[in-house]
Every structure is written in C-alpha cells, then in structure tokens.
Amino acid sequence: DGSTSRGWKLRPIGVNNAAWLLECDHREGWMLKRVSSKRLGSNIPTSLENCDQLLRKFPELLKDSRLAFPHSTIEIWSPNGQKRFKSDLLVSRRCAGVQLGRLIADLDLSKWQDQERLESVCAGVGELLADFHRQYSDGGEVMYHTDFHPTNVLYDVQTDSLTVIDLEGMGCGGITDDVEKFAMLMKNMVGERYSQAFQQRYLQMAPEEILSANKAERSSSKSTAASSAELLYPLSSLASATPTDRAREGFQTLSTLAVPETGLDAQKSVVTLAWLISPSEELTAPKVQPVRRRKAWLLHQSGRKEGYYLQHVPEDAYGGCGTSIEKKCEEYINEFPEILEDPHLAFPHCVIPLQPLVLKMPSAGKVFVAKCACTATLEQFVTEWRQEQKDEEELKLIFRQVGIQLSQSLGKYTTPITPQLRPSCVLYEATTGHIAFADFAWPGDAMNAVSAVDRLSKALKLFADHALVEEFCEGYAQTQRSRRHSAWSHGCWAWGSPRSASSDEETELHYEEETELLREDTELPPSECSTM
C-alpha cells in the first residue's frame, strides 16, 4: 500500500508453514497463503486460476464482509529474476476474530452461559453457510466451500460476527459436503447439541432447490466428510488402526499451539491440548498433572482409562546431531510398529509445535505426546507411600519389578542396528501395579553415551535410597541373565545369528564393562549389582 515496513509484523498461522498474517497496529493487514502455481492435472485449475474464474462469475465476492476472499497475488521469483518458483502468494484481507476451534477450547462448557453462547454461534454458522450457498450459485449449481470446518470459520467476540476463510478451493473437486463435514466435526468435538444447532439453522435458511439437490447427490455418491476429517485431524484416523496402520501413517504433527512469552502453561492450556490430541472425542473434564524434575505432564480425562504423557522438548534438544527427534521416533515406529500399542512404553506418536506469540521470542519448542495408562509417576507413589509409613519390603518388590520390566521391554525393541531405548522416567499405577517407561533419550542427548539401565538408575537415585536402587538393579540383572541363558541354550545369539567363541568373549567383556559402570554410578558393592 506504499507505506514503510516499520511496525509491520509477519506471523505464521496454521500447521503447514504456508500461511501468514501481515499486520500492523491500527491498520487492516492482510493474510498471505502460499499455493502452487502449477496445475495438478490438465483439467484441474490452480488456486489462482480458480479465484479468477470465481471473480468473473461473482464479482461481489470481494465486497462480502463475511468472506476473506483472495484479491491479489504475488509471484515468487529468484533474486536475479531469472526463475519463477512453483508457488504464488494469494493475498486476502485480515479478518478479526479467532478460529472457532480455538473459541471452543477457551470456553468452559460446564457453565450454562458458555453452552448457550456456543449453541448460538453454531446456529449463526448454519445461517451463514446457508446464505453462502444461496448467494453463490451458478445456474442452480451451488459453489461449495469444499473445506468447511471449524478452523476455517473465525468468530469475533467484540462484534459477535463470523467470517469464512480459506476460499481458494471454492467450487472445485466436486466436493459437496460442507454441511456434513462441519456437523460431524462439531458432534465429535463438543457433542450433538451444537451439531444440531448448526444443522437445524442451515435447514431453516437454505433454499429448497439446494436441499433437494443435496439430497439427490447424497443418495448417488458418498460424502467426503469422513475422509476430509481424517486429513484434518490425523490422530482420529489412528484411533481404530492396527499398529502397522499407525506406522504407515508415520509420526503425526498436530495443529500449532500459541504460547505466551513465559512459555507453555499446560494447566491453562489443558482444554486446548486435550482437543488437539483427541479432536474426535468429547472432552470430559481434562486435567494435567505436572511430572516432577522435568518439563512434562500427565493428561487424563474423567471416566477414561487411557491418558497421555506430554513432554516439552526445547528446540535446542537436537544437539547439532543432524537427526530430528521426530525422525528418530518415526524410525522406531517403522522398525517396531507394535511399540505404539505397548502398555509398558509411553512412546511418542505425535507432536504439537509451539508458536510464540511474541515475534522476537525464540522458538518455544514442541510437545511430544505418548499414550499412557498410568496416572502417576513412581516418584509420586514412593513419596505418598513413605508419608503413610507403609512396609518398605513391599516397596523393594516394586523396584525389583521395575528392573524386570525394563529388561523385558528392552529385549523387545533391541537389534544390532537399532539404538537402545533409554527411558529416565518410571510411571506407576498403584491400583493395578502397572509399570510404564517414558522420557527417552533424544538424539544429541548427553546421556546417549550410557546404557538404558544406567540412565534410569541415575533418575531413580534422585528420590530412592540405596536399598531400593539395589533392588532395581538386581531385578534387571536377574532377568538379563535369564534371557541370555535362554538364548544360549538354544545354540544361537539373541537376534538369531550363530554364536562363536569370539562373540562369547566379546559379550562377556561388554557386560563386565557395563556392570562396572553401573556399580560406580549407583555406588553399590560389586557383589550386589550386575547388568547381566
């Protein structure tokens, strides 16, 4: 607009690193979205071509205050002007308000005032969509949004107004499921009441010819609502998948969570976190419990057995090793698909990127999410146990079982070419005696140089005394000896390759070195600790 760049800020939005808000105080601002400048097929127009066609048919699109329709494009060229890149930037006006999904996360739906407020907003969305379908039809053919979901609807609290964004795909692809998709997502997110409020208002306001056309089309073709929802929310498509299916999906990246300058406050963001992780499930009083000595939390919802272990990892955790944490997790999942279903390992299956609200603030890192059936850590259990002055001998048995379980878990996921899992946190469910491990060593972690048992013993020493750590070591050592003896008695190495005299000697030397390292760090007598 001819103004200087002073005071303008560029803020990324969304999860694909393809959209930004260009804004300045006391000015309108713009939304920029990167789109491909190449056709996906000879008969499929680019986003820019589709917008041009739509504006020729409906020039009033640019004047509709309820829509943020692209009005300009910026071609992207190389600095020397010799090469045009395969992307363009579509420019539309910046709209006030927050995404409807964010509004839902901020509401307290246990209060009747927020319930009525959301119901009214959903009804307003139904009315807006019906008018959109009525106004933008070409010879009786409705121009559907084609990607109508809560993230593409903005709600401005101050003016009680709604705006629809992400319109460059309008009328494309033969997708006609605007109503079905939005209704299904609202039902899964917050319940039938709000889904019906949307649908009923739409049915009241939509023209009869549109409803008749929709009915005829639905009877002859399958709606894309389900598949679109799975693309929008990756985790919901994994809910009923097999381990192999999950591995095929790869490591999932969820929507970005904005955090203040002070960093992530899981307690204040608990509703948003629960919604991001399980968008297809109704929220039932989610709660987070901080994990002592680490930037992690246990998230559980009322009436559900399964919860999640959330771990905040700063951006500098990569240690310059060149391998991202996400990549390492994905490698494990591909190698061992069953690891995602192992109840004894809280292994990350998705990540939530954190976006600082302050532009000058360095990256806020990421939150890695793992399924977890335990509601407390072993440290918390030990603290409560001693406060009640219960039998120490029973506590020793629990620590011995932790060592046994660690040996068994490592045996499942260790091969000559796969790095050993190295957990440093033990989760414990007192009602069932269930044990699980979390907080694994990441690429670049200084503790990667030590063994799994050594890393975990260091963590146990922070809250457990000498006798308890001794029981843990003995449980681990006893199971290791049993596993080695079982493998050797069948005349083969643990991974199935034939054994030789030289490999026997190398293995014995390896276990002697590992044992000495553990004795030194746990300060246990040589006769009382072994990693064999």
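I looked up strand 6 and found 2 bridges joining it to strand 9 (residues 153-156), the two running antiparallel. Strands here are DSSP runs of E of at least two residues, and helices are runs of H or I of at least four, numbered from the N terminus. Val-98 sits opposite Tyr-155 of strand 9.

The model is predicted, so I note the terms: local features need pLDDT of at least 70, side-chain atom pairs count only at pLDDT 80 or more, and totals for chains, interfaces and linings use all residues. Residues are numbered from 1 along each chain as its sequence is written, and side-chain values use heavy atoms, without hydrogens and water.

I read an open sheet of 3 strands in the order 6-9-10, with antiparallel pairing; strands pair if DSSP finds at least two bridges between them. Strand 6 (98-99) and strand 10 (161-164) are its edges, each pairing on one side only.

Then the cavities. I counted 2 of 30 Å³ or more. A cavity is a set of points on a 1 Å grid over the protein atoms alone where a 1.4 Å probe fits but cannot get out; lining residues have an atom within 4 Å of a point. Points are joined across faces, edges and corners, and volume is the space filled by probe spheres set on them.

Of its 15 lining residues, Arg-294, Glu-379, Cys-425, Val-426 and Phe-463 are closest to the centre. Helix 11 (378-387), strand 18 (423-429) and helix 13 (452-460) each give two or more residues to that lining.

Strand 17 supplies the largest share of its lining, 3 residues.

Note on methods
On a 1 Å grid over the protein atoms alone, a cavity is a set of points where a 1.4 Å probe fits but cannot get out, and a pocket is an open set with protein on both sides within 12 Å along at least five of seven lines; lining residues have an atom within 4 Å of a point.
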